[in-house]
Each structure stands twice: as structure tokens, then as C-alpha cells.
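Please find below a colleague's note on the structure shown here.

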Amino acid sequence: MSKVFEVRQGTSPVILAFPHTGTDVPSNIWDRLNDNGKLLADTDWHIHELYAGLLPDATTVRATFHRYVIDANRDPSGHSLYPGQNTTDLVPSTDFDGKAIWRQGEEPTSTDIADRLAGFHAPYHAALAGEIERVKSIHGVAVLYDCHSIRSLIPFLFDGTLPDFNIGTDSGRTCDARIEAAAKDVAAGAEGYTHVLNGRFKGGWTTRHYGKPEHGVHAIQMELAQITHLQTEAPPFAYDAPKADRLRIHLKTILTKIEAIALELKN
């Protein structure tokens, strides 16, 4: 089996995490997906490409496996972070539209879930936790910026059209207020884009688990509407370079400001 994560070590206090850009599915799992599941529609398409080079010294940690194998941004206990709202599970049984992704009778068992926790989820998070500790040992502080995207129209998960920038800090609990404000202010000033702070997406398990400002680890999630950087939010989910280039200007500003704040926080 190929490595389930990729790490690029940098010297910045900022770490970029990519839990949902991977498309690797082992053959024994792939064969159990139905035709709908094999579309891998709920990928965070091209997000690692979108952020590439924006903060040259940032560390990056990317899961290479697909979220249908196991979701690297879900609580390993299976506990929902959004009680009472539609969502997908640690190992999803449906896609974001509520449609089945597994062949009948081939749905993952509790044994499958335990195996995938050990083989995929745990190694990814061990790598991420290790990089957080390494960066913190250099700077006395670390900022985890969790990179995500999602279709802007998904009635199963939320009403209406999702804003372009969806910033999540678990209502301010996971990072210093200056980090939250920097992301919000840049998004608010980005002409032609919409934004929300702690709206439908308040930060997933990664953000909430690692974000401990009192211990020098800050975490923030950025969920981008895919219409901001894809040609269409449908197969083949092609990257739109002109759209992406416009968006990258604002993302670079956000990351640069967060890095500057992090360097101030260590003093």
C-alpha cells in the first residue's frame, strides 16, 4: 500500500493541512463502492494545488487517501460535531447528497472501520501532530490552517448557497482572536466574494482537536465554495486557473497575515 500521507516540512509557524484532497482508494475498498461512490464526488478538488506556493515556508501535511476510505476530519469516536444536522460519518455511508456510495451488502463493518482508523486516520494524525510539535519547538507557537472546499449548493447539508469563504474557529475557541480577525477581515474585503465566520462550518474535528491557544497551538478552518476555483461543481471538477488566480491573491494575504501574527504571538 502506498503511503497514506505526504509531508513537506517548512520553517514557518504555519502548517497547512489537507485532509480531503486525496483520491487514493485501495482496490479491495474500491471494489465495494457502487457507481455513485466511484465518482469520488466529495473530494476537496485541487485544494493543494490552489494553495501551492502561497506561503513558501509553510509545512504541509496531506492525506492521500479518499474520505470514502475514512474521513480524516471526523472524530475517531464517531461522535458528530453537528448534532441534529445532516452530515457524513467517520466512514461515510452516503455522499453529500444523501445517496448511497457502497454496493448493497458491501457497506463497511465495525471491523472495517477499526482497520481503517489504524491504517489511515491514525497515521495521518500522527504525522500532523508531529509537525505541530516540531513547529512549536522552533517558534514556541504553531498555527494549523485546515484547508477545505465543498460545493456551494448541497440541500442535504445546508439551505441556500454557501458563502465563498467559510471560516471556522469553533466560535473563537480554537485560535487567538487576531488570527480569526485577520482571516475574516481579508475575506470581508475581497471584492466579489462572500464570507461567513462560524456559519454552517465552524471547524471540523481537526480544528477543534488541535486548537488549544492556551497551549500555543492555534487552529482555523477555511472551507471554500468550489465555485470560486472550479469551472463547474460537477464532473470532471476541472480547475479554473483564472478563477483560482484571483482567489489565490486573497488566500496569500490571509496566510501572510496569519504568519505575521504567529511570529508576534511567540514573543
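1. The β1 strand is the element that gives the most to the lining of the second largest pocket, contributing 3 residues. This and all that follows refers to a predicted model.

2. The second largest pocket holds about 200 Å³ of space. Its lining comprises 15 residues, of which R8, Y51, A52, G53 and T60 are the closest to the centre. Two or more lining residues come from each of β1 (5-8), β2 (14-18), α2 (47-51) and β3 (59-63). Sorted by class, the lining has 9 nonpolar, 3 polar and 3 charged residues.

3. Helix α3 covers residues 110-139, 30 residues in total, and its first and last C-alpha atoms lie 41 Å apart, close to the expected 44 Å. After α3 comes G140, which has a positive phi, near 80°.

4. Several residues of α3 are buried, including the charged residues D112, R116 and E131. Also buried in this helix are F120, H121, Y124, H125, A127, L128, I132, V135 and H139.

5. Helix α4 (residues 177-189) has 13 residues, which should span 18 Å at 1.5 Å a residue; the end C-alpha atoms are 18 Å apart, in agreement with that value.

6. Which residues of α4 are buried? They are I179, E180, A182, A183, V186 and A187. Viewed down the axis of α4, the buried residues fall within an arc of 160°, and therefore line one face of the helix. On the other side of α4, the exposed residues are A177, D185 and G189.

How values were computed. Residues numbered from 1 in each chain as written. Predicted model: local features only at pLDDT ≥ 70, side-chain atom pairs only at ≥ 80, totals over all residues. Heavy atoms only, no water. 1 Å grid on protein atoms, 1.4 Å probe; cavity = no way out; pocket = protein on both sides within 12 Å on 5 of 7 lines; lining within 4 Å. Points joined across faces, edges and corners; volume = space filled by probe spheres on them. Helix = DSSP H or I, 4+ residues; strand = E, 2+ residues; numbered from the N terminus. Expected span 1.5 Å × (residues − 1). Buried < 20%, exposed > 50% of the residue type's maximum accessible area, 1.4 Å probe, protein only. Arc of directions from axis to C-beta.
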